[in-house]
Amino acid sequence: MIDVSPAVAATLGFAAGLALEAALQRVSVEASLRAAGSDHMKFSLKWPNDVLAGRQKLAGILLEAEAVAGDRLAVVVGIGTNVVAAPEATPTPATSLAALGINIGAEELFAVLSDSWTEFRGIWDRGRGFGEIRRLWLERAAGLGHGVAIQSGSAIVEGTFDTIDEQGCMIVRTVDGKRIPIAAGDVYFGSVASVGAT
């Protein structure tokens, strides 16, 4: 339970993304060393709540919150990672750790993730550290500075992924120079023609 507003609690998802990306980096390096290889995977964070390996979805994050006594929130952070297999025929192509040559069990990933979660939740510090979380997240952001199309219901916003703001909204710069904050939606890389195509 935390003493923050729902808007601040929502930024905890960015800390979760960083924790998962760090855990995945660690297990990929360890897997590479076990295989006597020198390559390790590069993972990126797709706004607002996915982890990608290349252009394929590897993991998703979901926050659920409920108000409890004393103006507090009970927040659950759900993290789903494709360890052994990945779903097929998804809007964004998916992959798994096994398909990437990272053969570990869910228990091993969870142990590494637990350590990463402690670190990044500490940096987040009930939202007070979101500036640092934001900076670190942007360093790992998929599609930053490139074209995106965001579908929210029947509306589509198209432009360049400019940044995320202090509340965690995606800022899209349109062709006419407007900066539009996006609070939720499905993100597609590229133009409006790619909506529903990937």
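Arginine 126 is placed in the loop between α3 and α4 (130-139), where helices (H or I, at least four residues) and strands (E, at least two) are DSSP runs numbered from the N terminus. This is a predicted model, in which local features need pLDDT of at least 70, side-chain atom pairs count only at pLDDT 80 or more, and totals for chains, interfaces and linings use all residues. Residues are numbered from 1 along each chain as its sequence is written, and side-chain values use heavy atoms, with hydrogens and water left out.

Most residues other than glycine have a negative phi, and most peptide bonds are trans. Arginine 126, however, has a positive phi, near 55 degrees, and its relative accessibility of 41% is the reason why arginine 126 counts as partly exposed; buried means under 20% relative accessible area, exposed over 50%, and partly exposed in between (1.4 Å probe, protein chains only). Alanine 89, in the loop between β4 and α3 (106-124), likewise has a positive phi near 55 degrees, and alanine 89 counts as exposed because its relative accessibility is 84%.

## The four-stranded sheet

Strands of a sheet pair through backbone hydrogen bonds, either parallel or antiparallel. Here four strands form an open sheet with antiparallel pairing, in the order β1-β2-β3-β4, and two strands are taken to pair if DSSP finds at least two bridges between them. Because β1 (43-46) and β4 (72-81) stand at the edges and each has a single partner strand, one side of each is left without a neighbour in the sheet. On average, and with direction ignored, neighbouring strands of this sheet are turned by 20 degrees against each other; the axes are lines fitted to C-alpha atoms, for helices over the stretch in contact, and angles run from 0 to 180 degrees between N-to-C directions.

Four bridges join β1 to strand β2 (residues 50-53) in the antiparallel sense, and serine 44 stands opposite leucine 52 in β2. The loop between β1 and β2 holds proline 48, which is joined to tryptophan 47 by a cis peptide bond with omega of about -5 degrees.

## Glycine 190

Glycine 190 is found in the segment after β9 (186-189), and it counts as partly exposed because its relative accessibility is 30%. Leaving aside neighbours within four places in sequence, glycine 190 is in contact (heavy atoms within 4.5 Å) with Gly147, Val148 and Ala149. The C-alpha atoms of glycine 190 and isoleucine 150 are separated by 9.9 Å, although these residues are 40 residues apart along the chain.
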